Every structure is written in structure tokens, then in C-alpha cells.
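I'll go through the nonpolar core and then the aromatic pairs. Please have the structure open.

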Amino acid sequence: MKDIHGGIEEYEYTVYAADGKTVVQTRRVLPQDGEPMVFFLPSGTKYVFGVKAHFNDNEKQVIIDLGFSNSVQ
């Protein structure tokens with residue numbers, strides 16, 4: 001996602017169980033800290049990953065859901 005106005009304050013990365021509802025881990029990173037986001041997870045289990053951008057539009061705080069990954073193991 002391009003942030004041409006510089007309003008993104010942080011990204012929220014969440015690991016979910018394969019059902020996409022059960023939160024396993026969440027981490028937040030500031031845009032200037034960059035990527036990659038590393039998670040240490042037990043092998044042999046399926047997970048999906050979600051990303052949200054926390055954006056300040058000068059009037060209110062907006063959370064932009066950037067969606068889920070495919071299931072990974």
C-alpha cells in the first residue's frame with residue numbers, strides 16, 4: 001500500500017489459526033521501521049496472516065483492513 005500523504009502511523013500484522021478467527025500472535029510496526037515482520041510459530045499447523053494499516057486522516061483514526069493471506073503451513 002502506498003502512503004503518499006504520510007498518514008499511516010503503524011501496521012498491525014496478525015497471525016490467525018486456519019479458521020481466520022482465532023488470534024495466535026499480533027505485532028505492530030511503525031512505517032519507518034520497515035519490514036520484514038518475523039513470527040516464530042510451531043510447524044505442522046496451518047495459519048493465515050492479516051494486515052491492517054492504522055491511518056490518521058487529521059479528523060479521525062481509520063483502520064484499513066488489507067486482507068488475509070492464503071493458508072500456509
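By nonpolar core I mean a set of buried Ala, Val, Leu, Ile, Met, Phe, Trp, Tyr and Cys residues joined through side-chain atoms within 4.5 Å. Buried is under 20% relative accessible area, exposed is over 50%, and partly exposed is in between, with a 1.4 Å probe and protein chains only. The model is predicted: local features need pLDDT of at least 70, side-chain atom pairs count only at pLDDT 80 or more, and totals for chains, interfaces and linings use all residues. Residues are numbered from 1 along each chain as its sequence is written, and side-chain values use heavy atoms, leaving out hydrogens and water.

The largest nonpolar core has nine residues: Ile8, Tyr11, Tyr13, Val15, Val29, Phe39, Tyr47, Ala53 and Phe55. Strand E1 (8–17) and strand E3 (47–56) are the elements that each give two or more of them; strands here are DSSP runs of at least two residues, numbered from the N terminus. E1 supplies the largest share, four residues.

Next, the aromatic rings. Two pairs turn up in the whole structure, where a pair needs ring centres within 6.5 Å, and planes under 30 degrees apart are stacked, over 60 edge-to-face, the rest tilted, with the six-membered ring used for Trp.

Tyr16 and Phe68 have ring centres 5.2 Å apart and planes at 65 degrees, so they are edge-to-face. Tyr16 is in strand E1 and Phe68 in strand E4 (residues 61–68), so this pair links parts 52 residues apart in sequence. Tyr16 counts as buried, at 11% relative accessibility.

For Phe39 and Phe49, the centres are 6.2 Å apart and the planes at 50 degrees, so that pair is tilted. Phe39 is buried at 16%, whereas Phe49 is partly exposed at 26%.
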